[in-house]
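Let me put the structure up and we can walk through a few spots together.

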Amino acid sequence: MNRLRRVLAGACLGVCASHPAPAAGASLEDDARQVADQQIASDPAWLALLHYRARSDGSRRSQADRPQFFLSPEGKSSPAAELLAAVAALHAPAQRQDFACRFPARYEWLRMRLGDDGADGAIERCPQLSQWLAGFAGRRISINFASAYLENPSSTFGHTFLKIYQHSNSELLSPTINYAARTEARDSALAFVFKGLFGGFPGVADELPFYRRLRTYTESEGRDIHEYELALTPAEVRRVLLHTWEIKDGAFDYAFLHENCAYRTLTLIDVARPHAGLLKRFGMLTVPVDTIRALRAASMLGAHRVWPSAPKRVRDFETQVTAQDAAAAHRIALGQAGIDQIVALPSARRAGALQLAYEYASVLIDRDEGERATRKDILGAITRARLELDDPEPLASRAEPATPEDGHDGGLMAIGARQRARQRSVSLEYAAFQHTLTNPLPGYEPHAEITVLNPQLQVHGQQARLRRIDWLVAQSAIPSSTLFQPRAWRLQLATRSESYLERDHMATSVAYHSGMAWRLGGDTVFSLLPGARVEAGAGLPHHAGVAGALHAAATRQGAQWSAQLELQAEKFIAGTTLRRLGARATGEFRLSRNLSLALGAGRIWAPRHVSELNVSLKWRQRSLANPLERD
């Protein structure tokens, strides 16, 4: 503290010599002395405004990646230096207005913290800022969680954004703040993944009316939106908006697994309520649903409502009609057949087919699919036919979107017993985040799997060895139907113990499968995914190989138990002539929200015959910094 006082005092003399203090209010020397005495540089609000995070050596470093975010050249690593530069800017006539316009949240908070909380009009004299703020007239705010979008690997965790309620009754016109990566169209798929994982894109905030978000998420992409009003005061909402202005043009790099939409949205709320400690719960991985849980733990969530997905509603309607009627609705919506093909159906079936055709045609329009020239004519014909019926809407949606924060936590710790080739061992497993097709389903999208950083150790006697690390596994197996034919896919990046003739060796591989999935009945889905694997390992003759692969699975997902039977076949076409063939059955039983019992049995026929049995107890934890701290 004495060192800080000396630095501030020395800087004060230099600044005061070149910039006279304002005529009214405290002098620069007074404010500098107050800053030192009250330790304002370590105030949680100041640390939140500059995004400082503690490091292992006790120092602090800002997560901001652009030097323009700081007033001091040492601002990134020194909260005190940045605070001193801010205090000096307050007392320098040539800098004060620029400070207010560039960093209004910092400017307003610092003036209030130094006891100068009277209105001085500096922020109002910023034309661009004033025009931007005029678009956010409301003083109530909500956080919105869009469920996973399984057709895009970067959206399998879901997405969060903020909505500021308008004073008018039309909440669909309310503006939203969405933080996302600013990508480039010319990036290849591999470059997109690499940049996304390692912060190669700038993160920017954009503003759109809420109805535009609804159109994108609930209609085009088929995602549910869960909206939670935040318990923030009007003054706190203003602070969120002012800080959004400070970071909206790319102050941070965007990383899909950590500094992503969820993390940055939470840092905006952290600025408004810094003493809530929202960010203390997060480590190297940030999942959007965990931000909802963090806000719930801090008692900041208010009223909840759901904006359901239009395609999910249509899928639900499709299960309530016969296959023949669904096919007729499909042809009518596409303009391939007229209404006359269903006039002979009983009234109830005709009404159901027409309702399904209308809802499906609306989805096609939202997705910009189908014949543009005939869209209005098709909808008009369906509407006129429905008006002639006594009950034009016999179908009611039975789907109830699961509340995401009530699902199991994302992290995992497990202990189990394993027998392989008559050798018994203990297995220890960890995952930074995991939800598989056999995990408890409530709170998660069905037919989806996502795993990040999942190592497993095998302990036999006094020896322990690494059996595998699944770095990233993502899968979507949405079943195809008459109306929808989504692509099923599976992506895996892993280092695993693989069989090579008579021995097991560690190998690292990237595998991608793409195919289709079909519903077998009830909650069971069958998927057939051809694909390829690129593998590198000491067991291969040339230490690398390429294999064609086929993955087939029958999966049953439920609220209390789930099970899967899968078959994996591979034939190397480069690097070796090795073949692999194996099957595995797994099941998991939910004991509580975060505790389950898993059973598994596997058999490998090639390259050698090996059988395996295992049982494990899985305890799910939050995918955050302190796994022992509970909600």
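So, Phe157 and Phe433: both of these are buried, and by buried I mean under 20% relative accessible area, with over 50% being exposed and anything in between partly exposed, using a 1.4 Å probe and protein chains only. Quick housekeeping: this is a predicted model, where local features need pLDDT of at least 70, side-chain atom pairs count only at pLDDT 80 or more, and totals for chains, interfaces and linings use all residues. Numbering runs from 1 along each chain as its sequence is written, and side-chain values use heavy atoms, with hydrogens and water left out.

Back to those two. Their ring centres sit 5.3 Å apart with the planes at 75°, so this is an edge-to-face pair. The rule is that Phe, Tyr and Trp rings (for Trp, the six-membered one) pair if their centres lie within 6.5 Å; planes under 30 degrees apart are stacked, over 60 edge-to-face, and the rest tilted. Phe157 is in the loop between strand S3 (141-146) and strand S4 (159-164), while Phe433 is in strand S12 (residues 433-435), so the pair ties together parts 276 residues apart in sequence. Helices (H or I, at least four residues) and strands (E, at least two) are DSSP runs, numbered from the N terminus.

How many aromatic pairs does that rule give? The count is 14. Another one is Trp132 with Trp245: centres 5.7 Å apart, planes at 55°, so tilted. Trp132 belongs to helix H7 (residues 127-134) and Trp245 to helix H10 (residues 234-247), so that pair links parts 113 residues apart in sequence. Trp132 is buried at 10% relative accessible area, and Trp245 counts as buried at 16%. There's also an aromatic cluster formed by Phe69, Phe70, Phe103 and Phe252.

Next, Ala272, in helix H11 (residues 261-272). Is Ala272 buried or exposed? Buried, at 3% relative accessibility. Leaving out residues up to four places away in sequence, Ala272 touches Leu232, Glu236, Arg239 and Val240, where contact means heavy atoms within 4.5 Å.

Last stop, a helix pair. H13 (residues 310-318) and H15 (residues 347-366) pack at about 155°, axes 10 Å apart. H13 and H15 are therefore roughly antiparallel (that's over 145 degrees; under 35 is roughly parallel, 65 to 115 roughly perpendicular, the rest oblique). Among the residues making that contact are Phe317 of H13 and Tyr360 of H15.

Key: Axes fitted to C-alpha atoms, helices over the stretch in contact; angles between N-to-C directions.
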